[in-house]
Structures are given as C-alpha cells and as structure tokens.
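Subject: Model for handover, with notes on helix packing

Hello,

The model is below for your use. My notes on what was found in it follow.

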Amino acid sequence: MRRLAYTLMGLALTGLMLGGCGRVVDARASAREAAFEAEFPPTGQLIDVQGTTVHVDIRGSGPDLILLHGASGSSRDFTFALADRLAERYRVLAFDRPGLGWTEDIGAQTPNPIAQAELLRAAADQLGVRRPVVLGHSYGGAVALAWGLRAPGDTAALVIVSGATMPWPGTLTGWYAFLETPFGDRVGPPLLTALAPVSLGNRIMAGIFEPQAVPPGYADYIGVGLAARRGNYRANASQINSLRAYLRVMSPQYPRLTMPVEVIHGARDTIVPASVHALPLSDALPDAALTILPDQGHMPQHGDPQAIIEAVDRAAARAGLR
C-alpha cells in the first residue's frame, strides 16, 4: 500500500503539471476502462435485482454455497480454481460485491456491508437459494457475517476465511487516507486509471499473497484492469475506509449468530492479522470452530485450497446439509 501511495503521489504531481488536461486524462481513462472490460468480460450472468445489476457465476449442483470475495477483487478470485473444486458437490454461486467486478454500486450504501449483504441475499433469493453456506474472504467475511445477522433462520452456516471482522486499532494510511481527501477523491482514480501501469497492480498482488507466491496464471485471469477502473477505485476505497465504523456496530451482535461457523485464518497474515480478527471473532460466536493455518498468509484459498474445502464440508455437515 505504501508503494501505491508513492505512485499515486507521483501521478498526482504529473496531473498538476498537466494543468488543464483533465479531459485528456478522462479520455485516456475511458479508453483503458473499455479495453479492460473487453479483455475481462463477465464469467457468469448479469441479473437485475431491485434495479441494480448483479454479477453471479453459478456452477455445480448440491447444497447452495455462496462465495463473497475480498477488497478490490471480484468473483474471479474464486472462479480461478476453487469454485470448480467446490462445484463437485455444491451449487456454487460466486458474486461480485457492489461496486466491484461487474456488479453495480448501490450509491451511498455501497460502503455498508449490511446493505451489500441485503442486495446479494435478494439476488440469491431470485435464484432459488435456500439455507446456504455463506463463505466470505477478507472484506467478504464482514459481508458474510452481515448476511447471517440479517437472515439467521435462512443461513445454514458461515465460513470466514481471513475475515476482516472486528474493529481494529489505529487508522488507515497511504492510498486509503489519500482518497478520503477531496483532492484525492477527485484526482486519484482518474490519474491511476489513465496512467498507472498494470504491472503496479501485479506488484501489489504479490504483496497480498505473501509469504505464498501468486499462483501461475492467476495474474492473467484475475483481471487487474477491472479493479483499475475509476468506479472500482472509489467503491473499494469507500468500503475500506468505512468498514471499521460498521464493524463497531456489527461486532456486539455476533453472539446472536448461533449457526455453525468455521473461522479459518493464516497465522502469517499481516494484512488482516488473526490476533485482531479471527481469535476474538471465534470467542464471540456461540458455535465457532477456529482453524489457524501456520504457514499461510492472507490468501489461503490459493495457498491451501484443500483446507478451505474441508472447512466448507465441516460447516455443511454441522448444518445438516451433508
């Protein structure tokens, strides 16, 4: 993130030097967005949910399993490899969260994980989903918990993978702090979309995967360009910047979640540390099982996919689905 902040500052200085070239920057950003979208089209179907377009990739058959991706990403994180393995015994529905991937934002409610859960629950209802297991990774873990809080009687179980689920100490810095300023919000996304090389996203991705390596083929599949669109930058930053405030409201309600919950987290996760999130979360939940993966970082769904599959199977069995 620090590297991204330095790059952004450089691009901002370039923008200031360009002076009145805002239309040139916007035109270049629009052209790059069109190219990114052509290169990485939806992998699933686009459905209308209460006037909002929602993207969902559905595969397999069996008990319903919802997959909710983390910050800055899309359902492609799951459909790269894990979804096909899970689809051998579940009907897997991998959603793009609001404002990210191919799902539209929901206006002022885009940063609200509870509102995100409500939109995606409505989408799942249109698709005939009943008593699903809901898996959330990173930021998606907060949305999965919100899903359970809003529909406890119709949520069979939860699986929280590297979940950002508890209010954390300190404040956000770098890129996210910059976008909180009026200047950052105005100039940051257009300049990054227009000028930042895709290789910057690949370097950031490598940091997110540490200490594991990015899997072969992942960078070409995930569609870094989708996350580099102006709307995605803004939606993602607003979600990250607002999350702690929502978690302060949500976390005291976690003891109401009486369904089975599998909490699985990498011991070497420095982005969402287990000591801040997974451990207190599992203590707060009435029926939680905690698994700490000793050698894994923030992306165990790629570093140890079998552990994630086993956690899903345990959750489904504990809920009586298997």
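Which residues of α2 are buried? In α2, they are V25, A29, R32, E33 and F36, where buried means under 20% relative accessible area, exposed means over 50% and partly exposed lies in between, with a 1.4 Å probe and protein chains only. Seen down the axis of α2, these buried residues fall within an arc of 105 degrees, so they line one face of the helix; the arc is that of the directions from the helix axis to the C-beta atoms. On the other side of α2, R23, V24 and A38 are exposed.

Before the rest, the conventions. This is a predicted model, in which local features need pLDDT of at least 70 and side-chain atom pairs count only at pLDDT 80 or more, while totals for chains, interfaces and linings use all residues. Residues are numbered from 1 along each chain as its sequence is written, and side-chain values use heavy atoms, with hydrogens and water left out. Helices (H or I, at least four residues) and strands (E, at least two) are DSSP runs numbered from the N terminus.

Helix lengths

Helix α2 covers residues 22–39, and its 18 residues should span 26 Å at 1.5 Å a residue; the end C-alpha atoms are 26 Å apart, which agrees. The expected span is 1.5 Å times one less than the number of residues. For α6, with 12 residues, the distance from first C-alpha to last is 17 Å, close to the 16 Å expected.

Surroundings of α6

Of the 12 residues of α6, 11 are buried, so this helix is largely enclosed by the rest of the structure. Among them are Y139, G140, G141, W147 and G148. The buried residues of α6 pack against β3 (64–68), α5, β5 (133–137), β6 (157–161), α12 and α13, contact meaning heavy atoms within 4.5 Å.

Helix pairs

Axes here are lines fitted to C-alpha atoms, for helices over the stretch in contact, and angles run from 0 to 180 degrees between N-to-C directions.

- α5 (residues 113–126) and α6 (residues 139–150) pack at about 70 degrees, with their axes 8 Å apart. That makes α5 roughly perpendicular to α6 (65 to 115 degrees; under 35 counts as roughly parallel, over 145 as roughly antiparallel and the rest as oblique). The crossing is right-handed, a term for the near helix being turned clockwise from the far one by less than a right angle, with anticlockwise being left-handed. Residues of α5 including P113, L120 and A124 meet residues of α6 including Y139, V143 and R150.
- α6 and α12 (residues 230–250) pack at about 35 degrees, with axes 11 Å apart, and their crossing is left-handed. Y139, A142, L145, A146 and L149 in α6 meet Q239, I240, L243, L247 and M250 in α12.
- The axes of α5 and α12 come within 9 Å and cross at roughly 90 degrees; the two helices are therefore roughly perpendicular to each other. P113, I114 and Q116 in α5 meet Q239, L243, Y246 and M250 in α12.

Two single residues

S282 is in helix α13 (residues 278–284) and counts as buried at 12% relative accessibility. Leaving aside neighbours within four places in sequence, S282 is in contact with A288 and L290.

F209 is in helix α9 (residues 198–209) and is buried, with a relative accessible area of 2%. Not counting residues up to four places away in sequence, F209 touches V214, P215, Y218, M299 and H302. The C-alpha atoms of F209 and S138 are separated by 13 Å, and the two residues are 71 apart along the chain.

Regards
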